[in-house]
Amino acid sequence: MHFPVLTTILLAPIVGSLILVFVPRDDHRTIKCVAAAATGTSLLLSLYVYFSYNTAVAGVQFVERVPWIRDLGVTWYLGVDGLSLPMLLLVNLLGFAAVFSSWNVSERPKEFFILFQILVTGVMGTFVAQDLFIFLLFYELVVIPIYILIVVWGSTKRVTKEYAGMKLTIYLLVGSAFLLVAVIAVFVKSVSITGVPDFSYEGLARVAFPEDFQRFMFALMLFGFGSLISMWPFHSWSPDGYAGAPTAVSMIHAGVLKKIGGYGLIRIAIYILPAGAKFWAPVMAVLGTVGVVYAAFAALAQKDLKYIIGYSSVSHMGYTVLGIAALNVVSLNGAIAYMFAHGIMAALFFSTVGFIYEKTHTRWIPDLGGIAHQVPKIGTAFMLAGLASLGLPGLIAFIPEFTIFLGAYKVFGGLVVLGIACVIITALYVLRAAANTLFGPRRSEYDYLVDIKGPELVPLAVLGTVLVVGGILPFLLFDVITSGVETLMAGIEHVVQVGRAY
Amino acid sequence: MGIDYSLLFPEFLAAGLGFAVLVLALLLPAEARRGLNSVTAIGLLIVLGGTAATWGHQGTLYGGLYIVDNYATLFKVIFLTAAFLVVLGNFRYVDEMGYHTEYYTLLCFATLGMMVLASAGDFITFYLGLELMTISFIVLVALRKFENRSVEAGIKYVLLAGMSSAVLLYGLSLVYAVTGTVDILEVARTVAAGDLTPALILGLVLLLAGLGFKISAVPFHMWAPDIYEGAPTPITAYLAAGSKAASFAVMARVLLAGLPGLWEHWTMLVAILAAITIVVGNLVAIPQTNIKRMLAYSSIAQAGYILVGLVTVTEAGVKAVMFYALLYVFATVGAFTVVSYFSTFTGSDEIRDMAGLSQRAPLLAAVMVALMLSMAGIPPLAGFVGKLYLFMTVVEDYLWLVFIGLIMSMVSVYYYLRVTLVMYRDEPVDPTPIPVSNPVAITLIVCLAATLLIGIYPGPVSEVTNVAARTFFWPW
């Protein structure tokens, strides 16, 4: 057996947390360095996995399988394929960057970083699990740390942090309750059809579930994963939650946690229940498009920077849902690549806004203005994230967005046109926010601001690099994703041919 | 055929311990009675070990009056674990309360009652075990005899336990009248062969009501919050964990082994009972401000979850009941240990007084959160796997029950998180640290470790419960 690299990636932050338990609570610098070292280890290892993944062979690689619960057919089955690999890399990029975005946390940093590292582990686990039970173990592991992080270290502005935290938690938990019902029902059904308990994705996907059953179960999963990816109309936790959350949590949450929803839809719901997916695809497409349009207009009306990004991430996830709904290789490629791209840019955005808020104590756009004069590096990060977010060619988001449109247009036609039109609205609110925050005449009341420096520059350096490199060398991303999507589609293609519906 | 007394080894040990403690306490001068703390703890550990060692040694005694199978042995291990942890975690509480003699003696006898219940093969044995347990608990609940709340709880328990016994006995006598036997397996054969009579159905309903009282299923739950709040906290813990598990043990025996012929008449009833118990328990827990009351309602809800395992008359259901009962013991005893330790220091059971506990006693706060979340069924804690096993048995026939159960368990996260919030976010009014003594720390760490271990790697426990469930239906 080869070196269990995935388990090591998973355990690094847990080990970091354990070390932190023994670090004195006042030694802030050591605490942060331990957190950085732990997430950094995971990042380096996941980079290694990413670049040594063999796309020619495709399929699940770096497999670790240990029998876990025999009577349920659960195996400790970890592995990565073209779908999960970009997500794994994304978690670790953001986890590492978020540690540095939180470099200035001075209130109980020990607890903060312990919880944060548990959160990162949980998110990573969902992407490397190839067994539905193990997936669930990690999936709900993230909810409680997030809640505590928000209510203790969050900020109260338009809504109190308690409200934001509880709203987010309840939405996610209720969504996960539906998901759990579906998982239990699917598993029990699979046992009664095949007679052999098997919780792995592949095992469940091999079972021929009756079509009615698939439709019902897919609906439950769509609700569960849909509320996680903030699909309209289950999105309303997202802007409030992000506004209340501390920077690092917003970064991880908007950046990767949401993506568990999209990933789960593809890797679990569509893979195991293709006939159900086919039935619900038009509904998903409509909900996705409504989300795009609705959230874009909502973002246009916001004056709080975090709410703008919150709504824009709902809107962007609408594109992903649209791409998933189209159910073809091109659109799914786009959807996954877009999730990666959005993760990077949303995290950079939240990191930047976090710094602005930390330094100016406001996120209210009318109170800001011209701060690029005083803090040009923050300005650079803001513009980079903003331009990526509106889909500027040359940055990471353009090609995925284009791919989604290409793949989805074949299927949904008119709906997609509506989605494309909203790119204009996106440009409008992003540019307006940038203009009113960063540019304009120099305002002397902000002369005291100190630009980001030292460790604070790490998020910009890491995420900015990925934004640009991903835009110029998109094949780095697409080769891996395509290999995963093609394998996935090969198994379900005969079921999911979605006709041109609109 | 001779009687194989070695089958009764665990009961002899438990009874012996009870008498030994009683005699020892009478010999000791009053000021030396705190020594009973560790004597009883060690004694219970020995009984626990002895019982666990009889695993696999099965048979019946006195012509079916008494059944010793792996099912019963596993439940005995569960009760003894609960008793041991309750004793170990509450030295300080008992020293403060006094009454060592009564407390430890009756605790041992209550445990003996539970053990008899788990092995009952006959309605008479069943009733005997039940009363031994209940009467011991009545005294234990009222042990703080100079405190109004404790006495009030004791009187309530006498009245309500008496009434429920009456209902139960009436039900048993009706079943006897129809079938002409008190032997549970004999009843099963008669019921399967004969016709259904209204009297039998009435007997069944009354039986369910009587047992529903013991497990505090809604609508027979009214006594639980008052008595849980008024009783000394260790007794509350033992009442919630041990007495409930014992009642489930016998309930499964009576319903699944004794009345399987009637299953189409009671499964729907049990499913509805489970559903309303889960809903009411969780919803009423939300507005509680006293931690003991909140845990009381949450334990009502937990009973509802365990009931789910009885809905289907299958091996998987019995397995799920045992699995959940085991993890429930760790969660409940651990949580109440935190509460009782906290109240010996601060004299308060109010949730708001737990503010900043994470800074005053990080271990207490962390264990409390983990155990509550296990009860809510959040992975990777044991409660999640337990609920998975329970709901897997009903998902095909009672999908609505699965929905209710899982959505309500997410609702329960709400009130558990409120306590978490108070402990972690709020600043303490009195920031002096609470030193955690060794026995308490051991109890809490055992509970936490068991909860985590069963949650992350449930394989071994699952195997053991499978074996026990198999012997329940196909005796050796």
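I began with polar contacts, counting a pair of N or O atoms within 3.5 Å; within protein, one must be able to donate a hydrogen and the other to accept it, and residues adjacent in sequence count only if both atoms are side-chain atoms. By that rule I found 8 residue pairs in polar contact between chain A and chain B, both at pLDDT 80 or more.

This is a predicted model, where local features need pLDDT of at least 70, side-chain atom pairs count only at pLDDT 80 or more, and totals for chains, interfaces and linings use all residues. Residues are numbered from 1 along each chain as its sequence is written, chains are lettered from A and ligands numbered from 1 in the order written, and side-chain values use heavy atoms, without hydrogens and water.

Next I looked up salt bridges (a side-chain nitrogen of Lys or Arg within 4 Å of a carboxyl oxygen of Asp or Glu). Chains A and B have 2 between them; one of these joins A:Asp71 to B:Lys319 at 2.8 Å, N to O.

Then I checked the extent of the interface. With contact meaning heavy atoms within 4.5 Å, 36 residues of chain A touch 37 of chain B. The buried area (accessible area, 1.4 Å probe, lost on putting the two together, summed over both) is about 3,300 Å², 79% of it on carbon and sulfur atoms.

Last, I turned to α3 of chain B, residues 70–89 (helices are DSSP runs of H or I, at least four residues). I found 20 of its 20 residues buried, meaning under 20% relative accessible area with a 1.4 Å probe, protein chains only.

How values were computed. Helices (H or I, at least four residues) and strands (E, at least two) are DSSP runs, numbered from the N terminus. The expected span of a helix is 1.5 Å times one less than its number of residues. Buried means under 20% relative accessible area, exposed over 50%, partly exposed in between (1.4 Å probe, protein chains only).
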